[in-house]
Structure formats: structure tokens, C-alpha cells
Amino acid sequence: MAAPGPLPYRLRGRPFSVQDAQAAGVTEQRLRASDLDSPFPGVRTPAGTEPTFLDLCDARQVRMDADQFYCHGTAARIHRLTLPRRLEGNDLHVAVLAPGRAPRGAGIIGHQVTLLGDSFLCIAGGLRAIDPVSTWLQLAADLSVRELIILGDSLVRRQYPISTMDTLRRRVQGNRGQRGQRKVQAALRDVRAGTDSPRETELRLEIVDAGYPEPQVNPKIFDSQAQLIGFGDLVYFEYKVLVEYDGDQHRTDPVQFGRDLTRQQELHDEDWIHLRISKYHWPNRRNVINEHLGRALRSRGWRG
């Protein structure tokens with residue numbers, strides 16, 4: 001069988017609509033060739049690789065009207081916010097501004113959206129989506145309070161924060177009367193700026209739920225000579241106790257592993273108690289917290 005002929009240059013290596021291809025002179029037979037896939041009706045993409053979620057968003061966007069955009073869980077993934085796995089399906093949430101009619105189609109969950117207060121539309125990675133804070137507010141109806149805290153922490157994370165606590169407070173106040181408002185108000189009370197990972201947030205919440213004082217999130221730790229040792233995940237300066245969640249990179253990356261050893265020695269020299277929790281401990285984290293953190297805090301004078 002002869003290899004398919006070349007596509008017009010502007011259609012190569014990217015998603016395109018059948019309508020655009022036909023306007024460029026591509027035949028029906030060429031559009032059915034084996035080097036093209038059809039993830040959505042009226043859309044073609046290069047064949048041969050399993051598309052990522054963002055690839056699917058890119059493919060669907062070529063058929064979206066100019067006034068349509070991604071929202072809810074799809075926007076959260078586009079903005080790389082932390083979502084529970086149960087909301088990570090491949091159906092795409094697509095919205096239109098009111099009074100427009102909610103989009104319909106295979107693989108689409110349509111919404112009619114009203115922009116409130118400081119809500120805005122943006123381009124993220126080439127994809128049209130509602131802004132990250134509006135995404136958080138939209139998801140309030142679908143997430144638990146704890147899940148909203150974790151997502152909220154990811155908005156005000158330490159590295160490359162998307163928002164600020166002042167903005168979150170203002171936006172929550174302007175969201176009155178919307179679905180999930182009570183949950184997002186409750187979540188906001190426990191959102192903390194400066195976190196580095198969802199596990200770090202979960203660990204902080206577990207510590208507080210177990211009845212221990214709330215630690216500071218990612219402050220700088222200095223030695224007795226005012227030299228920076230580093231940032232600490234969850235810190236009790238009063239008791240010189242540090243709790244950290246170690247992801248896999250702390251084990252698998254030799255450079256990171258070496259830095260950790262140096263840092264741990266520096267903390268030891270300054271009389272810090274350093275508790276490290278990993279995914280190995282995670283299934284029994286409440287027992288680890290009660291046994292090890294409780295003992296560490298009490299040894300330094302906490303009387304809880």
C-alpha cells in the first residue's frame with residue numbers, strides 16, 4: 001500500500017479540524033489514512049503515540065467556538081493544580097459565557113458560566129481556560145473541604161505561586177451565593193501559603209487533626225551563626241522540631257540524597273529533632289505522628 005501523501009505544511013504534526021483540512025484541499029480519503037487518528041468527531045491528530053490529557057485538550061480546542069473555554073476539573077489540570085484522582089477522567093469540561101448555550105458533544109461536559117468579580121479568561125499552554133482561582137471556586141461543589149484546602153495550597157505554593165492569600169480572601173468574599181460557598185469558606189481558613197507539595201499539606205492537616213499545634217510552613221531555618229540551613233517543611237521553632245515529607249527524589253536522586261545528608265547533619269549540630277516521613281510511612285501516618293512527633297514535642301516541653 002502506498003504511503004499517504006503529505007499534508008499541507010500548516011496541518012502537519014498538530015491537531016486540525018476536518019473543516020480546515022477540507023478547505024486546504026485535503027481529500028476524504030487522505031483524512032481516513034492510517035497516519036491520522038480521530039480523538040473527537042471532526043478532528044484529526046497525528047497517529048502513533050498515546051495522547052496525554054493536554055494533547056486531548058489541544059485536539060478538542062480546534063473544534064471549539066471562539067467563545068468557548070475549559071473550566072472546572074479540566075481547567076484545574078491545565079493550570080497544574082492538585083486534583084483528587086476521581087476527578088481525573090478524560091471527559092473535558094467546556095464552558096460558554098451566559099447566556100450562551102452549554103456545549104454538547106462526545107467526551108464533553110458542557111457548562112454555562114457567569115464571570116463573577118475578578119474572574120477572567122486566560123491562555124495557559126495555548127489552551128483557553130478560566131483563571132485558576134475561579135477554577136478553585138467552581139470545584140467547591142465537587143470537592144471536600146480537605147480537598148479544597150489542598151488545591152488552595154497549590155494556588156499559593158512557595159515556588160511559582162499562582163495567587164496570594166489576599167486574592168483568595170477577596171475572591172471567596174465575592175463568590176457569595178454560589179454552590180459550595182460554605183465549603184470553600186471553611187477551606188480558606190486552613191489554606192497556608194508557602195507549601196511545596198500536596199503531601200506536605202496533607203501531613204500538616206493530619207498533624208492538626210491529631211491534636212498537635214500547627215507548625216509553620218516552609219520557613220527558613222538558620223544556624224547559630226545566622227547561616228541558612230534551608231527551608232523546613234513543617235517547623236516548630238519553639239521546640240526545635242522539624243517534620244518533613246520526603247518524596248521519591250530524596251531517595252532516587254544522588255545529588256538530592258547527598259544534600260539531605262549534609263542538611264540533616266547541620267540540623268543535628270544545631271540540636272533540631274528532624275522527623276522524616278515518606279510514602280513508606282504514609283499508610284500508618286497517624287500512628288507515626290502520634291508516636292514520633294508526640295514524643296519529640298513532649299521531650300522539648302510541649303504539654304498538650
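Q: How many disulfides does the count come to?
A: The count is 0, with a disulfide taken as a pair of cysteine sulfur atoms within 2.5 Å. This is a predicted model, where local features need pLDDT of at least 70, side-chain atom pairs count only at pLDDT 80 or more, and totals for chains, interfaces and linings use all residues. Residues are numbered from 1 along each chain as its sequence is written, and side-chain values use heavy atoms, leaving out hydrogens and water.

Q: What makes Cys57 buried or exposed?
A: Buried means under 20% relative accessible area, exposed over 50%, and partly exposed in between (1.4 Å probe, protein chains only). Cys57 has 0%, so it is buried. Cys71 also has 0% and is therefore buried.

Q: Which residues of helix H3 are buried?
A: In H3 (residues 53-61) they are Phe53, Leu56, Cys57, Ala59, Arg60 and Gln61. Helices (H or I, at least four residues) and strands (E, at least two) are DSSP runs, numbered from the N terminus. Among the elements covering these buried residues are helix H4 (72-78) and strand E5 (92-97).

Q: How do E7 and E8 pair, in the parallel or antiparallel sense?
A: They pair in the antiparallel sense over 4 bridges, where pairing takes at least two DSSP bridges between the strands. Ile123 stands opposite Arg128 in E8.

How values were computed
Contact = heavy atoms within 4.5 Å.
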